[in-house]
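Colleague: Could you walk me through this model, one feature after another? I would like the general idea each time, and then the case at hand.

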Amino acid sequence: MSEATVERAGKRSTPVPMQAPGSVFLAFMAGIWGAFVALLAASPATLDDAYDWLRELPIVWEALMWLVTLPWTVAYLVYETGWEYWLRVAVVALVVAVHLCISSPRAPRARDAV
């Protein structure tokens, strides 16, 4: 082998940092939560109307929408309880944090590890 061949074989290209898979989904979920919290603070009547609309759907569609919007609906229902304000805010913040942690991207598992 020539020196050029050995030199080329020994060189390794540096990996290019890539965006983690799932980052766009996490950003989307954070945006939805941001809109929800903004509506909760600025216009709770809009969320009341959305909840009333959800309850008036036919049962099959209502069940499907409950599954799709479960974290936001649970947060809304918690906020509408008669609990003390600080407790409602703390529980809603906990729901937001748990949902965003579930939505966050994970490192791929090492399947070849023995």
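Colleague: In what order do the elements of the protein run from the N terminus on?

Modeller: Helices (H or I, at least four residues) and strands (E, at least two) are DSSP runs, numbered from the N terminus. Here the order is α-α-α-α-α-α, with 6 helices and 0 strands. This is a predicted model, where local features need pLDDT of at least 70, side-chain atom pairs count only at pLDDT 80 or more, and totals for chains, interfaces and linings use all residues. Residues are numbered from 1 along each chain as its sequence is written, and side-chain values use heavy atoms, leaving out hydrogens and water.

Colleague: Which residues make up the largest nonpolar core?

Modeller: Such a core is a set of buried Ala, Val, Leu, Ile, Met, Phe, Trp, Tyr and Cys residues joined through side-chain atoms within 4.5 Å. Buried means under 20% relative accessible area, exposed over 50%, and partly exposed in between (1.4 Å probe, protein chains only). The largest core has 12 residues, including Met-29, Trp-33, Trp-72, Tyr-79 and Val-96. Helix 2 (23–42), helix 5 (70–79) and helix 6 each give two or more residues to this core, and the largest share, 5 residues, comes from helix 5. Counting contacts as heavy atoms within 4.5 Å, Tyr-79 touches Leu-40, Tyr-85, Arg-88, Val-89 and Val-92, leaving aside residues up to four places away in sequence.

Colleague: How many salt bridges are there?

Modeller: The rule asks for a side-chain nitrogen of Lys or Arg within 4 Å of a carboxyl oxygen of Asp or Glu. The count is 1: the side chains of Glu-62 and Arg-55 meet at 3.7 Å, N to O.
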